[in-house]
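Subject: A structure for you to look at

Hi there,

I am passing a structure on to you, and I hope you enjoy looking through it. My notes on what turned up follow just below.

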Amino acid sequence: YWKWKPVDCELQSFNPRLFLEMVSGKKMVFIGDSIARNQMQALLCALSQVCNNLLFLPFLVDLNKDRV
């Protein structure tokens with residue numbers, strides 16, 4: 001099994017609890033195309049591991065649904 005790893009770069013594993021503490025009281029916006037949407041969905045999936053009710057989910061709107 002091969003995994004890419006940059007030279008002299010140690011990234012810690014994502015810690016959802018620490019992330020939620022760091023962004024508590026702040027706003028976050030994902031602007032972009034389907035790649036940004038995928039990043040947002042991946043973040044929500046990771047956060048759902050520690051938070052059963054993500055209160056901001058009702059405010060997520062798919063603006064593309066009205067496009068033809």
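Which residues of α2 are buried? They are Ala-36, Leu-43, Leu-44, Ala-46 and Leu-47, where buried means under 20% relative accessible area, exposed over 50% and partly exposed in between, with a 1.4 Å probe and protein chains only. Viewed down the axis of α2, these buried residues fall within an arc of 160 degrees, so they line one face of the helix; the arc is taken from the directions from the helix axis to the C-beta atoms. They pack against α1.

Before going further, please keep in mind that this is a predicted model, in which local features need pLDDT of at least 70 and side-chain atom pairs count only at pLDDT 80 or more, while totals for chains, interfaces and linings use all residues. Residues are numbered from 1 along each chain as its sequence is written, and side-chain values use heavy atoms, with hydrogens and water left out.

The overall picture

The protein chain has two helices and zero strands; these are DSSP runs numbered from the N terminus, with helices (H or I) of at least four residues and strands (E) of at least two. Of its 68 residues, 13% count as buried. The chain exposes about 6800 Å², and carbon and sulfur atoms supply 57% of that (areas come from the Shrake-Rupley method with a 1.4 Å probe).

Helix α2 covers residues 34-47, and at 1.5 Å a residue its 14 residues should span 20 Å, which agrees with the 20 Å between its end C-alpha atoms. That expected span is 1.5 Å times one less than the number of residues. Asp-33 caps the N-terminal end of α2, with a side-chain oxygen 3.0 Å from the backbone nitrogen of Ile-35. At the N-terminal end of α1, the cap is Asn-15, whose side-chain oxygen lies 3.1 Å from the backbone nitrogen of Arg-17. Just after α1, Gly-25 takes a positive phi of about 80 degrees.

Ala-46, in helix α2, is buried, with a relative accessible area of 17%. Leaving aside neighbours within four places in sequence, Ala-46 is in contact (heavy atoms within 4.5 Å) with Phe-14 and Pro-16. Although Ala-46 and Phe-14 are 32 residues apart along the chain, their C-alpha atoms are separated by 8.4 Å.

Phe-14 is partly exposed, at 43% relative accessible area. The structure holds one aromatic pair: Phe-14 and Phe-19, tilted, at 5.6 Å centre to centre and 50 degrees between the planes. For such pairs, ring centres of Phe, Tyr or Trp (its six-membered ring) lie within 6.5 Å, and planes under 30 degrees apart count as stacked, over 60 as edge-to-face and the rest as tilted.

Met-28 sits in the loop between α1 and α2 and is partly exposed, at 44%. Not counting residues up to four places away in sequence, Met-28 touches Phe-19, Val-23 and Leu-43.

Finally, have a look at Asp-8, in the segment before α1 (16-23). Asp-8 has a positive phi of about 55 degrees although it is not a glycine. Most residues other than glycine have a negative phi. Asp-8 is exposed, with a relative accessible area of 82%.

Best wishes

Conventions
Polar contact = N/O pair within 3.5 Å; in protein donor to acceptor, adjacent residues only side chain to side chain.
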